[in-house]
Structure formats: C-alpha cells, structure tokens
Amino acid sequence: MSSETMHHPDPLTVEESFELDLGGMTCTACAVAIERKLNRLQGVNASVNYATERALVTGLPVADASEAIAAVERAGYTAAVHDPEDDEWSRRAAAVRLSSLRRRLTVSALLTIPLCDLTILLALVPDYRFPGWEIVCVLLAVPIVTWAAWPFHKATLRNLRYGSLSMDTLISLGAAVSFLWAIGAMIFAPSESPGFWLGFGRTPAGAQSIYLDVAAGMITFQLAGRYFETRSRRRAGDVLNAIASLAVKDARILAEDGTERIVPIGELRPGQLFVVKPGEVVAADGIVDDGRSTIDASAMTGESLPVEVGPASPVTGGTLNSSGRLVVAAQHVGANTKVAQMAALADAAQRRKAGVQRFVDRVSAVFVPVVIGLALIVGVVWALAGATPGQAVSNAIAVLIIACPCALGLATPTALMVGVGRGGQLGILIKGQDALEASGRIDTVVFDKTGTITTGTMQVDSVHTVAGWHQTEVLPMVAAVETGSEHVIAKAIMAALNPESPAPAATGFRALPGLGARALVQGRDVIVGNKALMASSGLPVPSVLEDAAVSSAHTASGNSTQVFAAVDGAVIAVIRVRDEIKPSAAPAVTLLKQMGLKTVLLTGDTAAAAQTVGNAVGVDAVIDEVLPEQKAARIEQLQAEGRRVAMVGDGINDSAALATANLGLAVVTGTDIAMKSADIILVRDDLRTVVDAIRLSRKTLGTIRMNLVWAFGYNIAAIPLAAFGLLNPLIAAAAMALSSVFVVSNSLRLRSFEPTN
C-alpha cells in the first residue's frame, strides 16, 4: 500500500460511540476546551466539531453518557445526547440563538449609527457641542456594551470561571477597555486638553469620547459577523440534512386481507408488503410485488431521468413514486436502507478532522492567551516609546481584536460540510478529508471492467449452429447442463430459454473448472464450455462455427464470450454471450482525459477481448488477464512507477484494489454502501459521476485551501499592522467580523456545484 494512501475504519462500525449536541460554543477555542475535557475521561476519545456543534464520543457506552455530559458542563457548556431520529432540539436551539443575535444586532446598530454621528461630529467640531453631549453619547453606548454585548461578556465570565479563554474574551476585553477608557478620559482629563484620534491625529479638546465609537462599533460588527456566520452555518447544515430528510416517517402496510394501515416506519419489517401511492416517497428498499410506475430518484442520486419499474423491479427508499400505485416487498428497512446509510456516511464524513484542522485546533488553544499577552506588550512598548496613553491603549485594543482566529477555525469544517452535503445530493458520498486531499493529487484513473465499465449483466447475443440443428433444440440442452449454476454465463443462457421449451433434466453433471461442464441430457452426452474444453476433449470445431466465432469477436460492441456446445462427440453450436458497455463509459473516459488524467482498463479478460472493450471506451492503456486477487498488486505496480492512482470498481471483488489505490471510488448499485473499502462512493449508476466526484472533491479542497490562505494571511498581515499603530480598532473589529463571514460565504458557493451533463 502506498505510504500516501490514507484509509480509516468505517465510522459506522465503531462500537460504544455516541454523539452529543453541544450548547454555548461561540468559537473554535470553545470546541477545543470541550474536547480537552472529554478526552480526560478514562478510555474516551472525543472529537468536537464546531461547525456542526456536536461531539463524537467513543470508548464510552451510551448508558454512561451522563459522565460525558457532566464533563462538558464542567467546562462551562451544555450537552445532550444526540438523537438521530429527532433533530428538533438542535433546530430549536439554532432558531433561538439566531433570534437573540438578531435582536441584539438590531438594537446595537440602531444606537451605534447616531452614536458615531454624534461623537465624530461633536468631537471634531466644538461649535456644535451642547451641554451634556458627552452624557448623551455615554447613554447611547451603555445598552450596546452591556445588553447587546452580553453574549460575549457571559462567555468570558464562564470561561474565566472554568480557567479557559476564547475569542469572546478578546471581544469582551476590547469593548470593556475601550468603553472604560473613554469614560475615564471624560472624567479625569481636563476638558481643555486636546485629544488624539488614531488615523486622524490631534483632535480638539474633549474628543476622548471617540473610544465610545470603538466599543460600540466593535460590538455591532461582531454581532453582525456572528449572526451571519450562524445563519450561514445553519444553511450549510441544511445541505447535509437534506439527505437524511429523504427518509419517510410512516409506511402504508398492506395486510393479508387487503386493507392498508399507516404505521411508524420503525414498525416496518423485512418481507412485509407496503403500498406506495402516486406522489409518495418509497418507505424502504424493496422489490415491486405488484403494479407499474416511474420512479424519480433525482433527490437522492441526482439522476434526472425517471426509471420505469414493475413486478420484480428493485426500488430504493427515499425515491419518489411518480405515477402508478406500487405494492413493494420490503427488503432493507431502518438503518439498513440505502438512504439511511447515505445519511450516516455523509454525517460521519463531515465529523472527520483533517490533519490541517487538528493543527488549527492546537493553534486556537494557545492563540487567545498569546494575543492577550501580545496586546499588553504592545501597549507597554508604545507607552515606553513616548506615545500618549490614548495611542498606546488604542494600539493594544486593535491587536486584541484583529488577532481573533475565528475564520481559521471555520475554514475547513464549513467547506467540508457543504461539499459533503452537495455530493450526497448528487449521489456522491465523500468519506472524509483524506479523499479530498487524494483527489487533488491523482494522475491515473484505473477502471475495473465487469460491473463498472460494463453492465455486469450477460445476455445471449447470437446462436450459430451446424446444419441439422436449430437453436430451439440447442438452447434447452445447453441450459440443462447449466441448471443450478450461479455463473453469469449460465444465468444468461437460462434467461434466453423460451419459457414454452423448458430445459430437460440432466444427470451425471460434472463441473470442469475454468473450462465448462458436462452432463447427460435425455441420454445424450452434452459438453458445454470454451474452445479449450473442446480441444482437450478431442472435439474439432467445424469451420462454419469457427468463422462465426471469429466474426462475432470482431463485431462485439461489448464484452463477448463464445460458449461451444457438443453433443455425442460432435461440436454443434457456438453461443455468443455479451456484456454491454455502459453508455456513460466512453463520455466519462473522454472527460477524464480532458482533465489531464491517464485512464487504464483493468480486467481478467484475454488480451483480445480486453482490447476490444478498451478501444470502445477510449482508455489510454489496457491491463488484461488479471485475476481478482492480483488487482491490488497491479495497483501497487502503477504506484511504484510514480503514478498516483484512483481505482474505480463495483466493490464486489475490488475491495483490496480500492483500499490500495490512493483514491478508491466504488460504484454501488446495491444497499451495502457503508461497508465499501472506498474513499468515495458513487450511488448513481453513471460513470460520469466519477468525473463529478473528482471535480467536486477538487473544488471542495480548493475552497478549503482558499479559506485557510485567507484566514492565515489575514492574521499574519493584520497583527503587525495593529501592533505598529496602523490599524484603527473600529476597522479591526469590522475586518475580523467580515473575515469569518467571507470564509463561510466562500464555502457556501459549493452549493451551486452542478454535475456534468
């Protein structure tokens, strides 16, 4: 396995784990504090995601969740066990938080605007001043720095009580210092003394009230940033929750007497019949027992074309019944349905932390105390350098505010959340950050053939016989030998049999591994198999059948195989069985090549058959005659040549190869989504989804990188500006708030990602 390949155990298989809904977090430092508290519990490994406001706790039974909740509460926050069936708690909490922020922002903005107008005008134009004007300014500022700013002050007091610091500490401290400094200057500085306004210079006497602007403006900008950030994060979560919302709450069960009754979905059991009326969503994965209709799966897989279904057709829970009434026999219910596994997998993916996110968390844990210390140092240095007290305090406040790394903490989780959610809507399940990172590096895409490039369903294409025999005589005899076999070719021959001419009974059956089979059918010795079996049995193939076999091999549009039949020592027929190439295969290969990727076909077929399929779809190279257990070794060989390989397989016998590749993509048509050894799972049976998966992964990764560059660059550039007195605290507050809004808004652009047509 390549050293660069990163694979994690499936989160759905981890035992003794549960999630907590968290309350009271205001920044990534809060998440780090909670995570640290939880990880101090014996045997517990916890991961806290600030973007989703949840904690994944492993190593502790859910029966002992009270221990984890108590640990969170000791850190000064609230927690409750997350119920996957009911997100009402988190939705209600988010709505209350947004409503509170909206009210505080409205009051703060309405008071800050006249406050700024008054203080600026009256501070710089003494002739407009009136008796008590400073008191009026203070009265306007008090509601802002107390009630409106209470969330920041409350978080600061809580953190101090539990011995921790957060971004709110910086905001609360900056606002308090600005406000108290302005009050102190008004009380203790003589009214005839000139002031100093950062960025303006010396001001007329009595202009010290300008720091009220700083305090009020800082709170208003921070509330605006927090409000839009919270609303955007909820919208990002809505993209992810859209997958889970496809699951229905009730099922219409059909009783034995023909009556229908609606029951909660949890009461539906495998094998039960349930009814899906036109316009209703299919309740569970199953097989149509009666009725015909069209199924719209666009909400779950992104597939725009409806699918015709009838008796024996499979249907998937979460899809929409467009027209007729269907009676469905349930196969997979509850957590075993495809939509439930998709939701669980997508939810697990956005919980994962990338390596860079873990680094960001460590930075955030020490950043706040460092910033407070740096602000004190800046203030002292400026004072010792001869600056006025107002200038020294102003520079210290600017450092305090501008250094908040909120954008840094949001950079990765918000983009990952939106990218994973959008992928789930398009039938692309990205398992985590490692898949995104791998997608940005791959240069070679290897396709498995059967079930991936081809449909995987064999069918009889033609039957050629010698004179004196007809296919209506040959097929029943061949089918008799193949009866009971699970081989795809045997199934194809059985399917081609005319129902009015059933296969006769066979005796003395003998399997010939790798060659074919032999049996007595109605007293006649029948041999069915490949040309090598005929040769080893000493049976020459008539020239008419030889020519037919060669001709069919050259004209095959898909993966064809010739099956010879001999009766009583004479070869009498050749049957061509063909596996059709998927219509989307060639367009997908073309698009990948346009992206600069090398395409390879990997198959166990002979060189001639493999090359035929390879030429049909247009791959750059063909690797043939590879046994299933050898596929992983061939992937390693490509990696040893310096290639960064993505493997696309159907996940049935490709698990080792998918796990070995730098990026594994499993094309899944069944319901065992969560158990695949792939980094990305493709639910839609269209190979252009491979292109979409790589495009979406790269775009998500690019968004994360853009967010991180902005967040790191912003802090690196802004802190020196503030320290050297080149940044007004008011501007610093606005810039810090806008930085977080930019990161979340940039991540939300992923919602507009459109699949390849």
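1. Start with the strands. E7 (residues 250-254) and E9 (residues 273-276) run antiparallel and are joined by two bridges. Within E9, Phe 274 stands opposite Ile 253. Bear in mind that this is a predicted model.

2. E9 also pairs with E15 (residues 326-332). Four bridges join these strands, which run antiparallel. Leu 273 has Ala 329 of E15 as its bridge partner.

3. Next, Arg 578. This residue is found in strand E23 (residues 570-581). Is Arg 578 buried or exposed? Arg 578 is buried, because its relative accessible area is 13% and the cut-off for buried is under 20%. Its side chain makes a polar contact with the side chain of Glu 580, at 2.5 Å.

4. Now the helix pair. H19 (residues 585-594) and H23 (residues 688-723) have axes that come within 7 Å. The axes cross at roughly 30 degrees. H19 is therefore roughly parallel to H23, since angles under 35 degrees count as such.

5. Which residues make the contact between H19 and H23? From H19 come Pro 587, Ala 588, Leu 591 and Leu 592. From H23 come Arg 688, Val 690, Val 691 and Ile 694. By class, the contact has seven nonpolar residues, one charged and no polar. Arg 688 is among the contact residues of H23, and Arg counts as charged.

Note on methods. Residues are numbered from 1 along each chain as its sequence is written. This is a predicted model: local features need pLDDT of at least 70, side-chain atom pairs count only at pLDDT 80 or more; totals for chains, interfaces and linings use all residues. Side-chain values use heavy atoms; hydrogens and water are left out. Axes are lines fitted to C-alpha atoms, for helices over the stretch in contact, and angles run from 0 to 180 degrees between N-to-C directions. Angles under 35 degrees count as roughly parallel, over 145 as roughly antiparallel, 65 to 115 as roughly perpendicular and the rest as oblique. Contact means heavy atoms within 4.5 Å. Buried means under 20% relative accessible area, exposed over 50%, partly exposed in between (1.4 Å probe, protein chains only). A polar contact is a pair of N or O atoms within 3.5 Å; within protein, one must be able to donate a hydrogen and the other to accept it, and residues adjacent in sequence count only if both atoms are side-chain atoms. Two strands pair if DSSP finds at least two bridges between them.
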